[in-house]
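Reader: I've got a protein model open and I'm a bit lost. Could you walk me through how to read it?

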Amino acid sequence: MAIELTPLPLPASADPSKFVDFGREVKGVDPGNLTPEQFAEVYDALYKHSALLFRNVSLTPEQQYALTKAFDPDSEAYGHGNNKTQSTKKSILHPDLKTIPRVPQVQLIGNGMVYNHEGLASAALKHPSHTTFHKTRLSEDEEEKGYTRFYRWHIDAALYEYNPPRVTTLYSVTVPEGPMQTVRYDDDTGDELPVPLGTTAFVSGKTMFDIMPPQYKSLAVRTKVRYAPHPYVWMAPARAMPTGLGIETEGLELPLADLPQWDESKIKTLPMVWKNPVTGELHFQVHPCGVQELIMAPLPGGAKREGALYPDGAHLKDLGEVRSLLYKIQRPAIAPQLVYPHDWKERDLVLFHNRGVLHTVVGAFRPDQVRAFHQCNLAASDVPAGPTEEDVHKWA
Ligand SMILES: [Fe+2]
C-alpha cells in the first residue's frame with residue numbers, strides 16, 4: 001500500500017507560503033512495520049518535507065531503533081555515543097536523558113515521575129527550562145501568567161567525535177493536558193508566539209538559507225564552522241540569549257584546559273550549509289551554542305567583490321564576533337511566522353530531518369504534569385555534505 005501524505009495543520013501564527021513543502025502527516029501505514037517499498041517512500045518524504053507525523057502509533061523501543069537505523073544502516077551508537085551523556089556528568093545534557101535499558105539507543109525524556117516504564121522501575125524526568133540556561137529569566141509571576149521561552153535551538157548532535165545524526169524520531173507516550181503558553185523572544189522585537197504546552201518547535205534550515213540576503217548566502221557557502229571540543233561541557237557554565245538562539249558572550253565558557261581530555265582529531269569542523277541528499281537544496285545548519293570559530297574561504301574566481309563580506313576569506317576566532325554574525329544570519333528564520341510548534345497528542349510519532357531543521361524544547365511543566373517521550377537518533381556513518389563547487393559558484 002502506498003503512503004498517503006497530507007499537509008500538517010499550521011497554527012494561525014504561521015505564514016503558509018513558507019510551509020508549502022515543510023511537514024507532512026503520513027497516513028495509511030504502520031511506521032513500526034514498513035515494507036521496503038513503504039520505507040523508500042517515507043525516506044524520500046522525510047528529505048523532501050523535513051518533518052513527518054504519524055498519529056495513533058504503537059511503537060516499541062526496538063521498532064523505533066530499527067526505523068531510525070533504516071535511514072542510516074551503518075550507524076550504531078546513539079547520537080552522543082551510547083551512555084556518553086550519562087557518564088559526562090558535567091555536560092548540560094546530562095540531566096535530560098535516560099536510557100531505555102533494553103535499547104540503549106532510545107532515550108526516555110519528559111517530565112515528572114515515571115514508574116515501571118520499559119524496564120525502568122522509576123525515572124525522575126525534568127523538562128529542560130530556560131530558567132536554568134538563559135542569562136535572564138521570566139519572573140515566576142510571568143510564568144504563572146503563561147509566558148515562556150524557547151529553551152535552546154539546536155541540531156541533535158554531539159558536535160565532537162560523532163557525526164550529526166540524519167534523522168531523529170520522537171514518540172510521545174504520555175502527554176499532559178494544559179493551557180497554551182506564550183513564547184516571549186525578549187530581544188527588543190516584541191515578538192511573541194502562542195504555543196501548545198510543551199511543544200517542540202521547528203524551523204527549516206532551508207528557509208533559513210532561502211530568506212538570507214545575498215551577501216550572507218555568499219558567506220554561508222564559503223564558510224566552515226569549528227565547534228568547541230566537548231561543546232556541552234564547554235558551554236555548561238555559560239548562559240544563553242533570551243531567544244535560546246546561542247550564548248551570551250561573557251567569557252563564562254570552561255577553559256579548554258579544564259575540559260575532559262580531548263583530541264584535535266575529534267573536533268568537528270562542518271560546512272555552514274548542508275546539502276540535502278534527495279532534493280539537492282541547501283540547508284543552513286549551525287548549532288549556535290557550540291560554535292567556537294568560523295573559517296571562511298575567499299570568493300571564488302569570477303565572483304563579484306562588490307558588497308561581499310570577507311571577500312578574501314577569514315578565520316574568526318573572537319567568540320563575540322562569531323556569535324554576533326551567526327545571530328544576525330539565523331535570527332530572522334525563528335520569527336514567529338516561520339516556526340512550526342508541534343501540538344503533541346499521545347502516540348504521535350514525529351520523524352525529522354536533523355540535518356535540515358533546527359528545533360527546540362519549549363515551555364515549562366509543573367512537577368505533577370507527567371510527560372514521557374521516546375527519542376532516538378544515531379551518530380551518522382558520514383559527515384554532512386556541504387555545497388558543491390557549482391553551489392559555491394552560484395551563490396558566492
Ligand atoms: Fe533535540
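This is a predicted model: local features need pLDDT of at least 70, side-chain atom pairs count only at pLDDT 80 or more; totals for chains, interfaces and linings use all residues.

Reader: Okay, which stretches make up domain 1 and domain 2?

Author: Domain 1 covers 4-206 + 339-379, while domain 2 covers 213-331 + 391-395. Their C-alpha centres lie 24 Å apart. Where the two touch, domain 1 gives 32 residues and domain 2 gives 32 residues.

Reader: Which elements give two or more residues to the side of domain 1 that touches domain 2?

Author: Those are α1 (36-49) and α5 (205-210). The largest share, 3 residues, comes from α1. By kind, that side of domain 1 splits into 12 nonpolar, 9 polar and 11 charged residues.

Reader: Now sheets. How do strands pair?

Author: Strands in a sheet pair through backbone hydrogen bonds, either parallel or antiparallel. Here, look for an open sheet of 3 strands, ordered β18-β11-β20, with antiparallel pairing. The edges are β18 (340-342) and β20 (357-361), each pairing on one side only. From one strand to the next, the twist averages 25°.

Reader: What stands opposite A201?

Author: P341 in β18 does. Strand β11 (residues 200-204) pairs with β18 over 3 bridges.

Reader: And helices? Which residues of α2 are buried?

Author: In an α-helix there are 3.6 residues a turn, so residues three or four places apart point the same way. In α2 (residues 61-70), the buried ones are P61, Q63, Q64, Y65, L67 and T68. They pack against β4 (98-100), β5 (103-117), β8 (167-174) and β21 (371-377).

Definitions and conventions. Residues are numbered from 1 along each chain as its sequence is written. Two strands pair if DSSP finds at least two bridges between them. Helices (H or I, at least four residues) and strands (E, at least two) are DSSP runs, numbered from the N terminus. Axes are lines fitted to C-alpha atoms, for helices over the stretch in contact, and angles run from 0 to 180 degrees between N-to-C directions. A residue is buried if 20 or more other C-beta atoms lie within 10 Å of its own, exposed if 12 or fewer, and partly exposed in between; C-beta atoms are placed from the backbone. Two residues are in contact if their C-beta atoms, placed from the backbone, lie within 7 Å. Domain bounds come from an automatic or database domain assignment. Ala, Val, Leu, Ile, Met, Phe, Trp, Tyr, Cys and Pro count as nonpolar, Asp, Glu, Lys and Arg as charged, and the others, Gly among them, as polar.
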